[in-house]
Amino acid sequence: MKKYEKMLVGFNNKDLNCYASRGDWLYLANKKDTKKGLFRLPNYLYFFVSLNSKRMPSEFGVVKTIEGYVTAEDLARLDYESRKIDISLINEEILKEYEEFLEKINAKPEHTPIGATWLETILPGVVPAKLSLPAIRNKVKYAKYFLFLIAFL
């Protein structure tokens, strides 16, 4: 199994809809993940979740070099354990999805912000999920402007 030195981690910024704790490992949310009560994200946003028992949502994560390494099997185990699913259900087909995720993350330079897009969750591997920091800032700026306009209609 291939070993990877980078992982997508959370950075906790409520203004950017990132509720995972700083340093939490992130993975794409599945269809059964909710946006967790008080931490509601708009239904049109796709997100990552932290790989711990809280599974906190984050719209963005940052690529970081980790101590040691991670494999697709490690990532799958963490995801399944955090979802309280039997890890014996992990097979080669499932491991390929985690392997693709790790390959994408490790292809990016450290400190690259990554966002989950609807195409990324439906068609993995078709669209790169990289968003530059200026793109994130513009998204937040336009979202606030849009909400401002709606308030006066």
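I looked up the pairing of β5 (60-70) and found three bridges to strand β6 (residues 113-115), the two running antiparallel. Strands here are DSSP runs of E of at least two residues, helices are runs of H or I of at least four, and both are numbered from the N terminus. Two strands pair if DSSP finds at least two bridges between them. Val62 has Pro113 as its bridge partner in β6.

This is a predicted model, where local features need pLDDT of at least 70 and side-chain atom pairs pLDDT 80 or more, while totals for chains, interfaces and linings use all residues. Residues are numbered from 1 along each chain as its sequence is written, and side-chain values use heavy atoms, without hydrogens and water.

I then checked β1 and found five bridges to β5, again antiparallel. Val9 is bridged to Val62 of β5.

Next I asked which residues touch the most other members of the largest nonpolar core. Among its 27 residues they are Leu8, Phe48, Leu75, Tyr98 and Phe101. Such a core is a set of buried Ala, Val, Leu, Ile, Met, Phe, Trp, Tyr and Cys residues joined through side-chain atoms within 4.5 Å. Buried means under 20% relative accessible area, exposed over 50%, partly exposed in between (1.4 Å probe, protein chains only). α2 gives the most to this core, six residues.

Last, I found Arg55 in the loop between β3 (48-50) and β4 (57-58). Arg55 is buried, at 3% relative accessible area. Its side chain makes a polar contact with the side chain of Asp79 at 2.9 Å. A polar contact is a pair of N or O atoms within 3.5 Å; within protein, one must be able to donate a hydrogen and the other to accept it, and residues adjacent in sequence count only if both atoms are side-chain atoms.
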